There are 2 protein chains.
Amino acid sequence: MVVELISVGTEILLGNIVNTNAAYLAEKCAALGLACYYQTVVGDNEKRLGETLQLAKSRADILILSGGLGPTQDDLTKETVAKVFGKKLVEDARTKEKIQEYFKKRGKTITDNNWKQALVPEGAIVLDNDNGTAPGLIMEVENKTVILLPGPPGELKPLFEGRVFPYLQIKTDKIIRSQVVKICGIGESMVESMIKDMIDRQENPTIATYAKTGEVHIRVTAEADSEKHALKMMKPVVHELKKRFQENIYTTNEEVTLEQACVDLLLANELTISTMESCTGGMIAARLINVPGVSEVFKAGYVTYSNKAKRKVLGVKQSTLKKYTAVSAKVAEEMAQGVSLLTKADVTLSVTGVAGPDGGTEEKPVGLIYIGCSVKGRTKVMEYHFDGSRMKIRESAVVAALTLLRQCVLEYFSEITFGKGKNKKN
Amino acid sequence: MVVELISVGTEILLGNIVNTNAAYLAEKCAALGLACYYQTVVGDNEKRLGETLQLAKSRADILILSGGLGPTQDDLTKETVAKVFGKKLVEDARTKEKIQEYFKKRGKTITDNNWKQALVPEGAIVLDNDNGTAPGLIMEVENKTVILLPGPPGELKPLFEGRVFPYLQIKTDKIIRSQVVKICGIGESMVESMIKDMIDRQENPTIATYAKTGEVHIRVTAEADSEKHALKMMKPVVHELKKRFQENIYTTNEEVTLEQACVDLLLANELTISTMESCTGGMIAARLINVPGVSEVFKAGYVTYSNKAKRKVLGVKQSTLKKYTAVSAKVAEEMAQGVSLLTKADVTLSVTGVAGPDGGTEEKPVGLIYIGCSVKGRTKVMEYHFDGSRMKIRESAVVAALTLLRQCVLEYFSEITFGKGKNKKN
């Protein structure tokens with residue numbers, strides 16, 4: 001079955017608010033196995049909303065509208081839907097009562113325009129709204145399911161979760177499941193070329209790649225008659241992806257972020273971490289501290305943007321700064337080792353570089369970043385060249401640092417296992 | 001003139017990402033005085049994108065498409081636009097060179113699919129993308145302006161700002177100018193109620209409020225026959241806003257962020273700053289270090305997420321942690337004072353709190369945050385209660401900290417000026 005989302009609201013068209021409702025509803029519809037080919041945003045305008053509804057009903061089975069159910073004159077979603085589907089609006093006694101209750105509870109006077117909210121298209125299922133005065137509505141009409149929800153997310157989400165999701169779950173006749181494979185350390189076009197044969201062959205399951213800053217996510221989606229069957233269909237595809245990308249895959253779990261994967265890796269190996277950041281200025285620490293429960297592994301973070309701070313806080317040598325300059329592999333190394341001594345953390349990450357827009361030279365251009373990672377005294381330093389704005393360069397550096405952290409920890413343990421010695425310095 | 005926004009991407013239809021590009025573009029188009037009646041999201045599908053384009057060109061003068069310009073096979077926005085408007089794709093030598101440069105700079109191999117990005121519809125204006133490999137494109141065709149932008153916000157925004165906005169500004173036949181007034185420290189509904197009379201009366205110039213995390217931006221927009229006239233029309237409105245919001249206005253400059261305003265304030269008063277963060281984990285330092293040239297004022301940042309780090313790094317007393325717990329006004333105070341002693345910075349900011357989702361108690365619920373700010377030894381601590389996810393709570397805390405920083409520095413100097421003494425502790 002095909003669903004189409006229609007968001008009604010001039011404030012979205014003007015960019016006053018971000019349309020988070022559409023993302024929420026889209027994700028829920030995908031989980032229900034509904035195909036969604038279009039989302040439309042249209043203003044509080046009867047003619048244009050009417051045309052949007054006509055088009056949507058010509059190409060979808062389920063129409064979900066959000067917004068425009070309020071008490072003011074420019075709220076006209078319900079009225080327009082009723083008109084397009086030839087339904088009269090009738091007063092719903094229960095909703096009228098609920099509105100009275102709502103205002104009484106808050107000690108407010110009901111203004112006349114509020115009674116408009118007690119009118120519903122005849123035959124509609126009325127969904128009580130416990131967080132506002134406009135009820136949700138479900139209409140079964142002309143072989144379509146039309147769902148109307150209030151715009152405020154605090155009202156829309158509980159109504160969808162509690163009433164609409166179960167309603168749609170019964171209606172849908174197929175099962176769609178998807179599985180994500182999250183990759184770091186390889187660019188999107190390289191990922192794509194590594195699975196070109198699989199993409200060319202794809203049918204069901206389908207395969208799609210999504211580029212994030214410094215990461216690529218591959219989504220495998222299967223359609224089947226049962227959940228079990230869908231999972232079975234995806235299994236060999238995911239297996240093949242694992243074979244091709246190996247340790248560049250940091251997770252196959254939808255919820256797990258790169259920072260979560262790093263923290264999990266540290267926890268699993270009982271390692272603590274400290275960070276020492278120059279141009280990223282705390283962004284690596286901030287990413288790690290996104291992860292609830294990180295206090296188990298995170299010892300301390302330092303932001304030493306100036307040379308003076310690098311010397312004073314971390315004991316980077318004046319002579320090193322002078323000889324190699326602050327943006328150098330040597331300084332990244334001394335930073336990683338300095339913070340290791342200072343905090344006794346098992347693993348340390350250090351970043352120094354030129355984030356721009358000024359401060360670049362021919363020798364040390366904007367975008368040049370050195371990242372050091374020390375695992376139990378073994379320090380590795382890598383050189384990177386990133387492009388873009390100051391923010392973009394810093395974000396790229398953060399992802400590169402987390403990627404290097406994973407790589408160094410994994411290498412450390414694999415080399416111990418294979419007896420390559422544990423104090424080799426790269 | 002009428003603009004229509006088309007966002008291309010299956011990841012938006014699946015709810016994997018929130019369509020922030022549409023909100024960004026909508027706000028900019030409104031500032032340009034363009035009317036926008038529809039926004040559409042469509043997947044990476046030639047047939048459906050083609051139909052969406054046909055519909056959009058029947059009802060708008062300017063079409064702005066975002067997404068689907070990448071190197072992979074399912075990126076087909078450019079190909080579909082060329083087909084719908086009957087244009088051939090030709091290789092753009094300059095873009096080819098730029099792609100070569102991009103990969104060379106990164107020491108990476110160019111995979112074959114990347115050359116696809118050097119193909120452009122014949123006659124199109126090519127907009128160099130400094131943050132990625134897919135260029136932006138502007139086509140003047142069939143009496144329409146069709147603009148193609150890459151999907152990643154870090155690429156789309158600089159291209160729009162630098163190239164598309166000025167291009168459209170020349171095209172629009174009316175002169176529309178707008179001026180922003182950026183406010184911190186007051187919530188959106190309070191801001192709205194403080195200017196309700198102005199909003200009710202508005203006509204030309206118009207007034208609109210935009211809520212950002214912890215900030216409210218008011219945009220004043222005037223339409224006139226000349227730039228001079230537009231500016232003259234806005235002047236009394238902006239003057240009235242300044243009168244009403246006073247020091248809660250941190251800038252009236254489009255480009256200036258809250259962190260920039262903070263750094264400027266520190267620079268102007270020759271003050272240095274250090275930070276000490278627990279639950280925000282480096283986010284405040286990272287925001288400050290967004291500002292180029294911050295090295296003049298930023299001394300050092302510390303991330304002390306655990307109690308142990310709070311004691312070891314900053315000398316917060318064990319007895320204080322025991323008596324008041326880590327999330328307390330007293331600990332925030334000792335953190336702000338500790339970092340002041342440690343780094344000899346004139347101004348220090350400290351944050352401690354419960355970011356959740358776990359760790360909350362009845363007494364110290366999730367969302368409770370204490371922020372300390374010390375200016376030359378005068379320390380002020382504020383208690384905050386924020387709602388939402390771990391990330392949302394942390395982001396709110398960062399903005400609150402920067403807001404408090406401004407307030408404390410301004411207070412310090414106003415009290416010195418008015419002779420209220422300089423060592424009073426609040």
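Me: Which strands does helix α3 of chain A lie across?
Reply: This is a predicted model. In it, α3 (residues 46–59) of chain A lies across β1, β2, β3 and β8 of chain A, together with β2 of chain B. The helix runs at about 170° to β1(A).

Me: And α6 of chain A, what does that lie across?
Reply: Helix α6 (residues 153–171) of chain A lies across β3, β6, β7 and β8 of chain A. Its angle to β8(A) is about 170°.

Me: How many strands are in the open sheet?
Reply: Twelve, with mixed pairing. The order is β6(A)-β7(A)-β8(A)-β3(A)-β1(A)-β2(A)-β2(B)-β1(B)-β3(B)-β8(B)-β7(B)-β6(B).

Me: Which strands stand at the edges?
Reply: β6 of chain A and β6 of chain B. Each has a single partner strand, so one side of each is left without a neighbour in the sheet.

Me: In what sense do β2(A) and β2(B) pair, parallel or antiparallel?
Reply: Antiparallel, over five bridges. There, A:Gln39 stands opposite B:Val41.

Me: What about β1 and β2 of chain A?
Reply: Those pair in the parallel sense, over six bridges. A:Val2 stands opposite A:Ala35 in β2(A).

Me: How many residues does each chain bring to the contact?
Reply: Chain A gives 64 residues and chain B gives 69. On the chain A side, elements that each supply at least two residues include α2, β2 and α15. That side divides into 34 nonpolar, 21 polar and nine charged residues.

Me: New topic. What domains does chain A have?
Reply: The assignment gives domain 1 (2–171), domain 2 (175–251) and domain 3 (258–417). The C-alpha centres of domain 1 and domain 2 of chain A lie 35 Å apart.

Terms used:
Residues numbered from 1 in each chain as written. Chains lettered and ligands numbered in written order. Predicted model: local features only at pLDDT ≥ 70, side-chain atom pairs only at ≥ 80, totals over all residues. Domains from an automatic or database assignment. Pairing = 2+ DSSP bridges. Helix = DSSP H or I, 4+ residues; strand = E, 2+ residues; numbered from the N terminus. Contact = placed C-beta atoms within 7 Å. Axes fitted to C-alpha atoms, helices over the stretch in contact; angles between N-to-C directions. Nonpolar A, V, L, I, M, F, W, Y, C, P; charged D, E, K, R; others polar.
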